[in-house]
Structures are given as structure tokens and as C-alpha cells.
Amino acid sequence: KIQEYQLQVQELDQEELDTEEKIEAFWIGDRQKIRTTFEIRVHELSTITTNDWFELRRFHEPPRIVFKLMECVCFIMMESATWKNSRILLGSSIQNNDEGDEDSIWQDYTLKLLFSLKTFNV
């Protein structure tokens with residue numbers, strides 16, 4: 001039985017490697033330079049001040065345009081598109097710990113969105 005599980009794990013590991021190679025091959029052949037553009041835009045987001053980000057976070061009921069924008073951000077970050085999740089993305093690890101965000105327990109960040117985007121696997 002153990003050998004059967006070991007074989008399944010090996011097959012899954014190989015499948016993961018194959019998928020990673022296909023993804024990387026896609027990015028190497030990316031003529032539109034989507035990955036590079038994404039990285040540039042992420043860098044540009046870091047020029048926004050912390051106070052400006054927190055200004056967005058403070059809304060209890062955000063203006064429709066802010067809510068729609070943050071819905072899109074949640075979608076990109078693979079989070080449920082709720083205002084609570086948006087506020088967590090716009091918060092610091094200290095604030096998010098109070099909101100019940102498990103990531104904030106073991107990670108230290110000023111703004112979760114920027115922290116997450118730096119390690120986002122595009």
C-alpha cells in the first residue's frame with residue numbers, strides 16, 4: 001500500500017513539474033510581454049502612499065467605483081469579492097490580525113495587497 005502511495009506522489013510531482021514547464025514556456029513565448037507589464041504595474045502600485053491605501057480601507061460602504069475596482073482586485077488575487085476581503089487586502093498585518101486574517105499571524109506587512117503581489121506567481 002505504501003509503495004502505491006509513493007508511486008502516486010511521484011506521478012503527481014512529475015505532473016506538477018510538467019505543468020510548471022508548460023507555464024514557463026508560455027511566458028517565454030509571450031510576445032505581448034504580459035509578465036513584464038504586470039511587474040511594472042505592481043512596482044507602480046508601490047508608489048502610492050500607505051495613507052492613500054488606508055483612505056480606501058476606511059470606507060464602511062465604499063463608493064460604487066471603489067467597490068467595483070476592489071472586486072476586480074479580489075478576483076485577481078483569488079479572493080472572494082467581498083468588501084471585508086477588500087479591506088483585508090488594503091490592511092496591515094496588525095489590522096488584519098484583528099479582522100481574523102490567518103496570514104497576518106505569521107507574516108509582517110504594511111499592506112497585504114502589495115506584499116502578496118510581490119510573490120504573486122505570474
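How many helices and how many strands does the protein have? And which residues form the salt bridges around Arg57 and Lys112?

Guide: A caveat before the details: this is a predicted model. The protein has eight helices and zero strands. Read from the N terminus, its elements run α-α-α-α-α-α-α-α.

Now the overall form. The radius of gyration of the protein is 19 Å, while a compact globule of 122 residues would be near 14 Å. The C-alpha trace spans about 55 × 40 × 25 Å along its principal axes. Of the 122 residues, 27% are buried. Take the contacts with a separation of 6 or more: 44% of them join residues 24 or more positions apart. The protein exposes about 9400 Å², and carbon and sulfur atoms supply 56% of that area.

Next, the charges. The protein carries 14 positive and 23 negative charges. Side chains of opposite charge can pair when their charged atoms come close. The structure holds eight salt bridges.

Start with Arg57. Its partner is Glu99, and the closest N and O atoms are 3.9 Å apart. That pair counts as a salt bridge because the cut-off is 4 Å. The bridge links distant parts of the chain, with Arg57 in helix H3 (residues 50-57) and Glu99 in helix H6 (residues 93-99). The two residues are 42 residues apart. Arg57 has a relative accessible area of 8%, so it is buried. Glu99 has 28%, so it is partly exposed. The pair also belongs to a network: Arg57, Arg87 and Glu99 are linked by salt bridges.

Now Lys112. Its side chain meets that of Asp101 in a salt bridge, at 3.0 Å from N to O. This pair, too, links distant parts of the chain. Asp101 sits in the loop between H6 and helix H7 (103-106), and Lys112 sits in helix H8 (residues 112-118). They are 11 residues apart. Asp101 is buried, with a relative accessible area of 11%. Lys112 is buried as well, at 4%.

Is Asp103 buried or partly exposed? At 26% relative accessibility, Asp103 counts as partly exposed.

Ser86 lies in helix H5 (residues 83-89). Its relative accessibility is 1%, so Ser86 counts as buried. Which residues does Ser86 touch, leaving aside its neighbours within four places in sequence? It is in contact with Met70 and Cys74.

To recap the charged part: Arg57 pairs with Glu99, and a network of salt bridges brings in Arg87.

Definitions and conventions: Residues numbered from 1 in each chain as written. Predicted model: local features only at pLDDT ≥ 70, side-chain atom pairs only at ≥ 80, totals over all residues. Heavy atoms only, no water. Helix = DSSP H or I, 4+ residues; strand = E, 2+ residues; numbered from the N terminus. Buried < 20%, exposed > 50% of the residue type's maximum accessible area, 1.4 Å probe, protein only. Contact = heavy atoms within 4.5 Å. Rg over C-alpha atoms; globule rule 2.2 N^0.38 Å. Areas by Shrake-Rupley, 256 points an atom, 1.4 Å probe, with all protein chains shown as cover. Lys, Arg positive; Asp, Glu negative; His and termini not counted. Charge placed at Lys NZ, Arg CZ, Asp CG, Glu CD.
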